[in-house]
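Keep the structure open while you read.

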Amino acid sequence: AVEVIATGLRGPVGLAFDRQGQLFTNDNDHESRADQYAPAKLLHVAHAGIDFGWPRGWMASKLPDRLDLNEPVCDLGRGVPCDLTFYAERYLPESVQERLLQCRWDRHSVTAYRPTRTQEGAPLTAVEETILQGDANCRPVGIAVGRGGRLFVTALYMTGNMAAPYCASDLVMVTRVDDVPPY
């Protein structure tokens, strides 16, 4: 059977479950007018049937009189979040462990988020931390945790938006200096 779990999303790309089985996604929801934009967001799908309010629903902190709106885990500003994963391994440094990891096409980076609650019953919140930074036009778009805790990232080399992207790309493995190749 197929069931709609969440509505009111404009452009979700990534999906990830944390160690407790909580579902997260992102949304690329910016509008064409800067004075009316809704930021890209990292979202917690807290329950089946949740509605994230698109179009023009924004979020609770922007429209406090709208009790039907949900607050994001993290306001990503004007941006383009891509793939999302959860790192539950102990292989890479603590700054990566027990965090959602997300590709940020717009910032040429991979960012990390550790969702927490400030008090019982409050929504999850997280601070964005950059853990990998591309240079030039290296734009991370895909991310996965591999064998032994290694991190794999796909990156496109693009100057900006392209109608039909025809560009060089790489698949990189993030590992420790003392790693023994798995092959």
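Four strands make an open sheet in the order β2-β3-β4-β6, and the pairing is antiparallel. Strands here are DSSP runs of E of at least two residues, and helices are H or I runs of at least four, numbered from the N terminus. Two strands count as paired if DSSP finds at least two bridges between them. β2 (15-17) and β6 (74-77) sit at the edges, each pairing on one side only. From one strand to the next, the twist averages 25°; axes are lines fitted to C-alpha atoms (for helices, over the stretch in contact), with angles from 0 to 180 degrees between N-to-C directions.

Before going further, a word on what you're looking at: this is a predicted model, where local features need pLDDT of at least 70 and side-chain atom pairs count only at pLDDT 80 or more, while totals for chains, interfaces and linings use all residues. Residues are numbered from 1 along each chain as its sequence is written, and side-chain values use heavy atoms, with hydrogens and water left out.

Back to the sheet and its strand β4. Strand β3 (residues 23-27) runs antiparallel to β4 and is joined to it by 5 bridges, with Leu23 partnered by Val45 in β4. On the β6 side, β4 (residues 40-45) pairs in the antiparallel sense over 3 bridges. There, Lys41 has Asp75 of β6 as its bridge partner, and Leu42 stands opposite Cys74 in β6.

How many residues of β4 are buried? The count is 6 of 6, where buried means under 20% relative accessible area, exposed means over 50% and partly exposed is in between (1.4 Å probe, protein chains only). Both faces are covered: Ala40, Leu42 and His44 are buried on one side, and Lys41, Leu43 and Val45 on the other.

His44 also turns up among the contacts of Leu124, a residue of strand β11 (residues 124-125). Leu124 touches Gln22, Phe24, His44, Pro72, Val73, Pro115, Thr116 and Arg117, leaving out residues up to four places away in sequence; contact means heavy atoms within 4.5 Å. At 8% relative accessibility, Leu124 counts as buried.

Now compare Leu124 with Leu151: they are 27 residues apart in sequence and 25 Å apart in space, C-alpha to C-alpha. Leu151 is one of the residues with the most contacts inside the largest nonpolar core, along with Tyr87, Leu92, Leu101, Cys103, Ile143 and Val153. That core has 14 residues, and a nonpolar core is a set of buried Ala, Val, Leu, Ile, Met, Phe, Trp, Tyr and Cys residues joined through side-chain atoms within 4.5 Å. The elements giving it two or more residues are β7 (81-87), β8 (99-104), β9 (109-113) and β14 (151-157). Beyond its neighbours within four places in sequence, Leu151 is in contact with Tyr87, Leu92, Leu101, Ile143, Ala144, Val145, Val172, Met173 and Val174. A second, separate core has 13 residues, including Cys74, Leu84, Phe86 and Leu100.

β14 also belongs to another open sheet, this one of 3 strands in the order β13-β14-β15, again with antiparallel pairing. Its edge strands are β13 and β15, each pairing on one side only. Neighbouring strands in this sheet are turned by 25° against each other on average, direction ignored. β14 and β15 pair over 6 bridges, and Ala155 has Asp170 of β15 as its bridge partner.

Ala155 is also part of the lining of the largest pocket, as are Val153 and Tyr157. That pocket holds about 160 Å³ of space. β12 (129-133), β13 (138-145), β14 and β15 (169-174) each give two or more residues to the lining, and β14 gives the most, with 3 residues. On a 1 Å grid over the protein atoms alone, a pocket is an open set of points with protein on both sides within 12 Å along at least five of seven lines, whereas a cavity is a set where a 1.4 Å probe fits but cannot get out; lining residues have an atom within 4 Å of a point. Grid points are joined across faces, edges and corners, and the volume is the space filled by probe spheres set on the points.

Finally, the backbone angles. Most residues other than glycine have a negative phi.
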